[in-house]
Each structure stands twice: as structure tokens, then as C-alpha cells.
Amino acid sequence: MNNIKHVIAREYFTRVKSKTFLLTTFLAPLAFIFFFGILGFLLSRGSDDEKKIAIIDNVGIVDKSQVERRNIKFDYSYNNLDQALKDYKEDKIEGVIVLPAIDINTERYEMIYHSDNQLAIDESESLKSMFRKKVRNYKIQKLGIDETQLKLIDTKIDLEPKTVVDKDKKISSITSAVSAGIGGFVGYALFFIIIIYGSQVMRSVTEEKINRIVEVLISTIKPFDLMMGKVIGVGLVGLTQITMWMILIVIFSTIGFSFFGPDAVESVAQTSPEIMAEVQNSAPEAKDKMASVIQEIVSISWFKILPLYLFYFLIGYFTYAALFAAIGSAVGDDIQEAQSLTMIATLPLVISMYIGFSAVTSPNSSLSVWSSILPFTAPVVMPVRLPLDPPLWQILLSMVVSILTVVILIWLAAKIYRVGILMYGKKASIKELFKWMTY
Amino acid sequence: MSILSLRNVVKQYHNHRAVDDVSFDVPYGSIFGLLGPNGAGKTSLIRIITTITAADAGSVMVDGKPLDNLTPRQIGYLPEERGLYKKMKVGDQLMFLAQLKGLSKPDARSKIEHWFKKFEISDWWNKKVDELSKGMQQKVQFVATVMHEPKLLILDEPFSGLDPINTNLIKDEIHRLNENGTSIIFSTHRMEQVEEICKEIVLIDKGRIILEGQVDQIKNDYKENIFRIGFRGKMPANLIGSQFEILRDEADHVMIKIKDGYSSNELLSALIDHDMQIESYNEIKPTLNEIFIRKVGSSHE
């Protein structure tokens with residue numbers, strides 16, 4: 001048992017001290033932030049070249065005090081098209097928009113943009129949205145509709161849940177959306193983390209088998225201790241890296257946000273005129289929504305959920321690390337064999353990720369419930385359901401089943417491992433693996 | 001008392017018996033040869049002694065005690081297939097292996113530094129293994145095998161891949177360790193090395209011992225009374241008779257086999273009165289290689 005500590009230490013420190021670890025630990029969150037930063041920056045700038053467009057208004061709806069919108073400058077000085085087109089040919093303006101008379105009896109309104117160069121999609125959307133409001137106001141006025149009445153027609157509908165028996169349970173329509181979001185994200189993250197670190201265990205096992213150091217090791221340490229030392233050591237590396245990532249993402253995003261944060265967020269919203277209109281229309285409402293989302297995130301019982309996430313990370317990791325260790329010991333340097341066996345082993349994980357996606361929208365379907373209890377799928381599906389407050393008996397049953405699965409799998413994996421690591425030049429078929437379990 | 005004592009050891013795999021009722025003793029302080037063709041069961045036997053696998057039947061005693069968890073700390077095992085972590089620094093690697101053998105950290109460090117100084121490789125501590133040549137890796141592996149001062153060393157083909165200089169270096173170290181009381185089991189196919197290094201051997205084939213004993217004794221047992229006589233002059237023509245048989249007749253020497261029931265003195269006296277000058281007279285004993293081929297060859301027919 002004393003020796004297992006040395007194996008854990010070796011697995012942990014050789015990895016943590018390696019350049020790859022430092023790079024992935026620091027660069028991944030940086031890349032994450034950088035990607036969103038760049039995205040925000042690009043969106044906020046839109047097209048960079050300034051355009052001057054003449055507007056010939058035959059209706060009288062434009063507001064001549066508005067001289068620009070984003071990168072487009074408006075020129076209202078032209079009265080007829082010919083004059084404008086003459087300047088267009090002399091490159092004084094980029095194009096001409098002509099507003100024809102408005103027929104209040106039709107839905108459609110066609111403006112013409114005279115130019116040989118098309119507007120970019122975002123430019124054209126932006127202009128359309130600007131004129132949509134002006135035309136709307138014009139129509140309201142002409143039709144003699146009362147604007148306050150019009151607002152009343154436009155009903156906003158909410159469907160609020162209300163608990164019947166459990167009066168203390170706090171729920172709102174936003175709760176389930178936020179919970180589903182968090183659950184989905186965690187399930188997805190767990191899927192990747194389990195695959196990444198599980199395959200590291202496999203690589204570590206095959207390395208020792210291929211370079212034959214295993215023979216020296218096994219003469220001083222029990223195969224079980226060696227395997228568990230590896231699994232635990234790599235698992236600790238995983239925990240370290242995840243913790244670092246969380247800390248770094250918080251730090252980096254704080255820095256990033258204070259740098260060009262609010263602008264970027266606003267400009268992301270601006271890119272879609274639809275959204276912007278919405279935001280402008282219902283700015284207080286959106287703010288309320290944002291606040292309640294944050295409130296929901298805070299009000300999730302993290303003290304209950306975080307330990308459970310840690311639990312399912314460990315369960316998922318141990319389940320698949322044991323499988324990968326067994327596979328690694330059996331195949332050695334036969335990469336093809338390794339690939340096909342790994343594929344079989346990761347299949348349940350991939351399936352559970354898809355079940356996890358469906359569990360986001362229907363957390364209490366029988367598929368979601370049972371796959372969050374059954375072995376192999378539970379470590380991904382249960383974390384998806386956890387923020388949505390599944391019944392306690394399901395959580396407990398899932399935990400018991402998971403622990404039993406891990407114990408049995410490790411026991412079987414150790415049996416395969418023990419034989420596999422000392423076996424050379426023999427093809428490890430699945431039939432062979434079953435035979436090794438009975439040695 | 002012996003450092004290693006095997007009694008009726010059996011190891012059965014699914015469809016073949018790798019070790020079949022093997023018993024032998026390795027005396028304290030000896031250099032003992034464990035010989036056999038490929039697939040004879042040597043590796044299986046070594047794996048049992050090093051507690052990598054367990055015997056199905058029979059008993060193994062190391063230093064008078066049955067095998068247990070602490071046995072490996074008394075054994076230094078250099079496997080035929082060398083292995084080190086390629087990406088790990090030499091020093092860290094040896095520290096790890098030493099700690100597995102039960103050495104404390106400072107102990108491990110001082111032992112490793114001692115060997116590094118001896119092999120003049122002190123500047124290798126921070127090198128990664130894959131920066132070293134194959135011969136250099138062998139040295140590191142040797143240090144890994146002996147650094148915890150085992151009572152019993154098991155060396156499987158320790159010289160394979162070494163140049164003559166490093167071979168001598170390791171050979172000298174083996175002898176020095178042996179003089180200081182370490183018992184050594186030496187497993188190889190290279191019979192000339194066995195004759196040079198080992199005093200006692202067992203030869204196994206198909207899991208069974210087919211030959212064992214002192215090297216000198218074995219060579220005596222397998223000698224065929226062949227003498228090489230170097231001479232000047234003329235070989236007497238009437239020598240060939242019922243007593244002797246000339247195997248080879250060259251200008252300056254002959255090889256003569258003395259048939260059963262006659263002694264070498266009779267040959268000498270038969271030669272001595274003739275018109276020839278005897279310059280040398282040697283008994284030709286078979287080499288271990290010849291005995292090996294004879295024994296293993298016959299069992300394979």
C-alpha cells in the first residue's frame with residue numbers, strides 16, 4: 001500500500017510538471033476568452049468602411065437629424081434621382097435609396113437601392129429595421145389607430161409553475177431553463193473530461209508495457225496497486241486542471257470584461273437589429289430577466305450539487321479509466337486493436353451524451369430517469385438532471401449503482417491488467433480478455 | 001543454507017507446463033548460471049522468483065524465508081527486455097524505482113549519486129532517457145538493478161547490446177558485487193560468458209532441468225577422452241589400433257580419442273618410444289556450448 005503512493009506521485013508530478021500540462025492549463029481558458037473576445041470585437045465593428053448613401057424621401061417619413069447609422073452616413077440633400085445618380089457616377093456617394101409612396105392597404109413596402117455594389121447583409125438588415133419603425137409610425141398615424149391600444153393587443157404570455165404539495169420548493173419559469181442550461185453544460189463537459197483523462201490512463205499503461213519497464217515495476221509492486229496508482233494519479237491531474245481552469249476562466253474573464261467587456265456585449269446585441277429593437281422596446285424587462293437569471297443561478301443549491309458533481313466526475317472517471325487501463329494492458333503497441341476496443345468502450349459514453357441532450361428538455365422522461373441510474377450512462381446523464389431537482393430516491397439509487405459498478409469494473413479490469421501487461425505477441429481478442437478474467 | 005532454494009516448482013499455463021517440477025539451490029555468494037534455449041521456461045522461473053507470478057505448486061525460499069511482499073527488496077532484477085520511462089529524467093526515474101524498493105528519499109539519492117560517480121555519469125541526472133544512447137541506457141538500468149543493494153541479483157542477458165568497454169565495466173562490477181557477498185543468478189545463451197563467469201549452472205529445457213552442477217564437474221562428466229598432441233617428426237603408423245582412434249591428423253598435431261578402459265598414460269607411453277618429439281599434450285574438454293547443443297538437441301529430436 002505504501003508503494004501505491006509512489007506511483008501516484010510519479011504519475012501526478014511527471015504530468016503536472018510537463019510543458020503540455022502548463023500549456024493546456026493556461027492556454028485553454030485564454031483561448032476560450034480570446035475566442036469570445038475576438039468574436040465580440042469583430043461583431044462590434046461590423047463593416048469598417050464608411051459609406052455615404054443618398055436618401056430621396058418622397059413620403060416625408062425620415063428624420064433628417066439622424067445623419068448616420070453604424071457605418072452608413074445619410075445624405076438628404078438630393079431631391080431627384082438623376083442628380084443623385086450623377087454624383088454616384090462621380091463616386092461622391094455609394095448609392096441611392098428611393099422611398100416611394102406608402103400604400104397603407106398592403107403589408108409590403110418596396111424601397112429601391114440604386115448601386116452597382118450590394119449592401120452587406122448586416123447593413124441592409126440595419127437599414128430595413130430603421131425604416132420598418134418609420135413606416136409603422138406612418139401607418140399608425142394614417143390609419144388613425146391609438147398607439148396605447150395597439151400595445152394592449154400585443155399580449156406577452158407567461159406560463160408560471162406553482163407547486164401543489166411541496167410549498168417550500170421555489171420554482172419559476174426561468175428556473176427550469178437555467179437549470180437545464182447548467183445541467184447540459186456540465187454533462188457535456190464531463191463527457192469530454194472523462195474521455196480525455198481516461199485515454200491518458202490508457203496511454204500510461206501502454207507506455208509501460210511497450211517499454212517493458214512494467215516487468216521491473218511488477219516485481220516490486222502488485223499489479224493492482226500499480227493500476228490504481230495510475231488511475232488515481234491521472235485523476236488528480238484532472239482535478240487539478242479543472243480547478244485551475246475554473247479559477248483562470250474567472251480571472252481572465254474579469255480582466256477581459258473590464259477591458260472591452262460592456263461595449264462588446266452591447267455590440268453583440270446591436271448586430272441583430274431584431275434583438276436591438278427588442279432590447280430598446282423592452283429594456284427594463286430584459287434587465288429584469290437578466291437579473292432573475294442571475295438570481296436563479298445563485299439560488300441553485302450549489303452546496304448540494306457541487307459535491308454531487310464531484311462524485312459523478314469521480315464515478316465516471318473511474319468507470320472509464322478502469323476500462324481504458326484494461327484495454328491498454330491488453331493491446332500494448334497494437335494501435336489498430338487499441339482503436340477498435342476504445343471505440344467499443346466509449347460507445348456508452350457517447351450514447352449517454354445524446355441522452356443527456358434529451359434530458360435537458362425532458363428530464364423526467366423514463367429514458368432520462370433510467371439512464372441516470374444505470375451504469376455507464378449515469379455519470380453523464382445524472383449531472384444533467386441534478387439542477388432540475390430529481391427525486392431523492394433516484395439520486396441515491398443512482399449513487400449506489402454507480403459505486404457498485406465502479407468496484408466491479410475495477411476488480412475485473414485489474415484481472416485483465418494483471419495478465420495483459422506481461423503478455424507479448426499475442427492478439428488480445430475480446431474472447432481472450434474474458435479468458436483472462438478467469439485466470 | 002542457500003540464498004535461493006526451489007523445491008518441486010510447477011507453473012501451468014492454459015495448455016502448456018512452463019515450469020515442470022524444478023528444484024535447485026543457489027548457494028550464498030555464488031555466481032549461478034540459469035541456462036536454457038528460448039522458451040525453455042527461464043523467464044517463467046525468474047518471474048516466479050521475483051514474485052511477478054505465483055507458482056502453482058512447490059516452494060520457493062529466498063534467504064531462508066518463503067516469498068512475500070518484502071522479497072523483491074532483496075532482489076535486483078535486470079530483465080532481458082530493458083525498459084525505462086523514455087520521457088522521464090534519469091534521476092527522477094531512479095529515485096522512483098529506489099523508493100518502490102523501500103529506500104527512503106535521502107537514502108535513494110545518496111545511493112544513486114554513489115553509482116553515478118562510479119560510472120562517471122553524474123551529469124546525466126537531468127537528462128531524459130531518450131536523449132541517451134542504448135549503451136548509456138543499459139548503464140542506467142544496471143544502476144536501477146543494484147542501487148538498493150540486493151542480496152540476490154538476477155541478470156537476464158546483462159551484456160546484450162553493450163560494447164566491449166561497457167561489457168567489461170559491468171563485468172567488473174558484477175565480480176565486485178559478488179566479492180562483497182551478493183549472490184548472482186546469470187541467465188544467458190552466451191555459453192562462453194557462462195564458462196567465464198559461473199561456477200555452477202542449471203540447464204533447463206521444456207520446463208525441466210536436464211543438467212545441473214559445477215561447471216568443471218559437468219565438463220568432466222561430458223569429456224570424451226580426446227587428447228591433442230602437438231609434435232615434430234613423424235607419427236608412428238602402427239598407432240591406430242583397438243586402443244586409440246585418430247580423429248584428426250595434421251602436419252604438426254593430432255587429435256586422438258582414447259577408447260574406454262584405457263588411460264591417457266597408455267597413449268603417452270605408446271607415443272614416447274617413437275621417432276617423434278612431443279611438444280604438447282592436452283586433454284580436450286567439451287565446451288559448455290557443445291554440451292548445451294548436445295543436451296538440448298537430443299531432447300528436441
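Start by selecting A:Tyr188, which sits in helix 6 of chain A. Keep in mind as you go that this is a predicted model.

Together with A:Tyr188 they make up a nonpolar patch on the surface, and the accessible area of the five comes to about 500 Å². Colour by helix next: helix 6 and helix 12 of chain A each put at least two residues into the patch. Helix 6 is the top contributor here, with three.

Stay with helix 6 of chain A, but turn to the second largest pocket. Which helix gives the largest share of the lining of this pocket? Helix 6 of chain A does, with nine residues. The pocket holds about 1500 Å³ of space. To find the middle, select A:Arg10, A:Phe13, A:Thr14, A:Arg15 and A:Ser18, which are the closest to the pocket centre among its 42 lining residues.

In chain A, show helix 1 (2–16), helix 2 (19–45), helix 8 (223–271) and helix 12 (335–361) beside helix 6 (173–210); in chain B, show helix 2 (90–100) and helix 3 (105–118). Each of these supplies at least two lining residues.

Last stop: colour the lining by residue class.

Conventions. Residues numbered from 1 in each chain as written. Chains lettered and ligands numbered in written order. Predicted model: local features only at pLDDT ≥ 70, side-chain atom pairs only at ≥ 80, totals over all residues. Heavy atoms only, no water. 1 Å grid on protein atoms, 1.4 Å probe; cavity = no way out; pocket = protein on both sides within 12 Å on 5 of 7 lines; lining within 4 Å. Points joined across faces, edges and corners; volume = space filled by probe spheres on them. Helix = DSSP H or I, 4+ residues; strand = E, 2+ residues; numbered from the N terminus. Patch = residues over 30% accessible without salt bridge, like charges linked within 9 Å, V, L, I, M, F, W, Y side chains within 5 Å. Areas by Shrake-Rupley, 256 points an atom, 1.4 Å probe, with all protein chains shown as cover. Salt bridge = Lys/Arg side-chain N within 4 Å of Asp/Glu carboxyl O.
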